[in-house]
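The sequence and structure are shown below.

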Amino acid sequence: MPRLLIADDSAASRRALRNLLEGNGWEVCGEAEDGLAAVEKTAILKPDLVILDFRMPNLNGLQAGQTIHTADPRIPLLLFTLDGIAPPLEDLARRAGFRGALSKSGGIFALSEAIEELLQGKTFFLRASATMSPANSHYDSRSATEEAKKKAIPEPATQDAASRR
């Protein structure tokens with residue numbers, strides 16, 4: 001039975017996700033409330049797959065995923081977020097080592113499909129739903145992408161970089 005680790009800063013989201021995953025026959029071997037805990041628990045528990053929320057404290061999902069991927073590139077990573085998966089966010093996720101990404105609005109069937117695909121060594125990237133309003137999709141994607149760029153890819157420590165913050 002595949003062992004999964006859930007990382008989300010919302011206890012309610014972790015609980016709901018655990019119930020869903022265990023209801024589908026997967027074992028949840030651990031939970032993490034932030035990105036740093038996800039990195040630490042992955043190193044200890046060695047799960048078969050890690051599901052990471054994007055917006056978490058102490059390391060966002062992309063930062064935690066990149067750290068996990070560097071330590072053990074065999075572990076599949078799934079970005080599961082409220083943000084829409086626009087091409088720039090998908091690109092950042094791929095570069096951080098994620099094999100899959102989807103929005104929480106994609107539904108439980110898409111999540112189950114993503115987990116199955118990743119456990120089989122495939123990739124699964126589901127872009128923002130066509131049913132989302134274009135204004136909301138654009139706003140969410142742009143804000144998520146801008147946050148990802150700021151946090152996932154460190155800027156060189158120069159005077160210019162420091163003055164832009």
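## Aromatic rings

The number of aromatic pairs in this structure is 0. The model is a predicted one. A charge-over-ring arrangement involves F125: R94 lies over the face of this ring, 3.8 Å from the ring centre.

## Sheet

Six strands form an open sheet in the order β2-β1-β3-β4-β5-β6, and the pairing is parallel. The edges are taken by β2 (27-32) and β6 (124-125); each has a single partner strand, so one side of each is left without a neighbour in the sheet.

Between β1 and β2, which run parallel, there are 5 bridges. I6 stands opposite E31 of β2. Helix α1 (residues 11-23) lies across β1, β2, β3 and β4, and runs at about 170° to β2.

## Nonpolar cores

The largest nonpolar core has 24 residues, of which V50, L52, L62, L77, L79 and F98 touch the most other members. At least two residues of this core come from each of β1 (3-7), α2 (35-45), β3 (49-52), α3 (61-71), β4 (77-81) and α4 (87-96). The top contribution to this core is that of α4, with 4 residues. Another core lies apart from this one; it holds 17 residues, including L17, L49, I51 and L78.

With neighbours within four places in sequence left aside, L79 is in contact with L52, D53, F54, L62, A93, F98, G100, A101 and L102.

Definitions and conventions
Residues numbered from 1 in each chain as written. Predicted model: local features only at pLDDT ≥ 70, side-chain atom pairs only at ≥ 80, totals over all residues. Heavy atoms only, no water. Phe/Tyr/Trp six-rings, centres within 6.5 Å; stacked < 30°, edge-to-face > 60°. Lys NZ or Arg CZ within 6 Å of the ring centre and 35° of its normal. Core = buried A, V, L, I, M, F, W, Y, C linked by side-chain atoms within 4.5 Å. Buried < 20%, exposed > 50% of the residue type's maximum accessible area, 1.4 Å probe, protein only. Contact = heavy atoms within 4.5 Å. Pairing = 2+ DSSP bridges. Axes fitted to C-alpha atoms, helices over the stretch in contact; angles between N-to-C directions.
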